[in-house]
Amino acid sequence: GADIRINNMDRGKTPCFITDLPFGKYRINFDKAGYQSRQMELELLDRTPRKISVDLTSDSAVLVVDSEPSGAAVTLNGISKGNTPCRLANVPSGDSKLEISLDGFEPYATTLKLNPGETQQLKAKLNAKPSSLRIVSIPDKARIYIDNQFEGESPVEKKDVAPGSYRIRAELPGYELMA
């Protein structure tokens, strides 16, 4: 399906059989959308048939994207491409801006340099955003412990709490222990 030009004259598409070339030197170009053009020179000295095989190299790259945790939204050059894990084919060669985002996590962004015909893999480790925690008791003034560490009397507010599980305990004389 590649276009053939011989000395800049269109001669059809591959595969083909050309029988009307006189002896001499020729410049042959092979072009196909999605592939790098290929050029070669040929000299015909006699009427012996010649078979020419040419492998064309893709002009784009393949990008395999994953993240930890998975399920993050993937954006390539400002265009949404689905969620991780994903395989992106026909990515233009050259510089591409990749962004990976997931609610509750810091966004990941990088610029990739992709070469034609290359398959590049990327796995991004997403960092969780810190949260805040507010603990209120009824009645007020219960002693609040987080992971057995006294934090104060309610209401207690903690900022920049790392993601994870915590054991919370509320104590107030005359009331049942809340853990």
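A charge counts as sitting over a ring if NZ of Lys or CZ of Arg is within 6 Å of the ring centre and within 35 degrees of the ring normal. Keep that in mind for the first stops, and remember that you are looking at a predicted model.

**Two arginines and two rings**

Select R169 and Y145 to begin. The charged end of R169 lies over the Y145 ring, 4.1 Å from the ring's centre. Now move to R143 and F150: here the charged end of R143 is placed over the ring of F150, with 4.1 Å to its centre. For rings facing other rings, the tally is 1 aromatic pair.

**On to the sheet**

Next, colour β8, β5 and β11. These 3 strands form an open sheet in the order β8-β5-β11, and their pairing is mixed. At the edges you will find β8 (86-92) and β11 (119-125), each of which pairs on one side only.

**Zoom in on β5 and β11**

Select residues 60-68, which make up β5; this strand runs parallel to β11, and 7 bridges join the two. Which residue of β11 is the bridge partner of S67? Click on A124 to see it. Then pick D66, which stands opposite K123 in β11.

**Last stop: the two faces of β11**

In a regular strand, side chains alternate between the two faces of the sheet. Show the side chains of β11 to compare its faces. Q120, L122 and A124 make up the covered face, while T119, Q121, K123 and K125 belong to the uncovered one.

Definitions and conventions. Residues numbered from 1 in each chain as written. Predicted model: local features only at pLDDT ≥ 70, side-chain atom pairs only at ≥ 80, totals over all residues. Heavy atoms only, no water. Pairing = 2+ DSSP bridges. Helix = DSSP H or I, 4+ residues; strand = E, 2+ residues; numbered from the N terminus. Phe/Tyr/Trp six-rings, centres within 6.5 Å; stacked < 30°, edge-to-face > 60°. Buried < 20%, exposed > 50% of the residue type's maximum accessible area, 1.4 Å probe, protein only.
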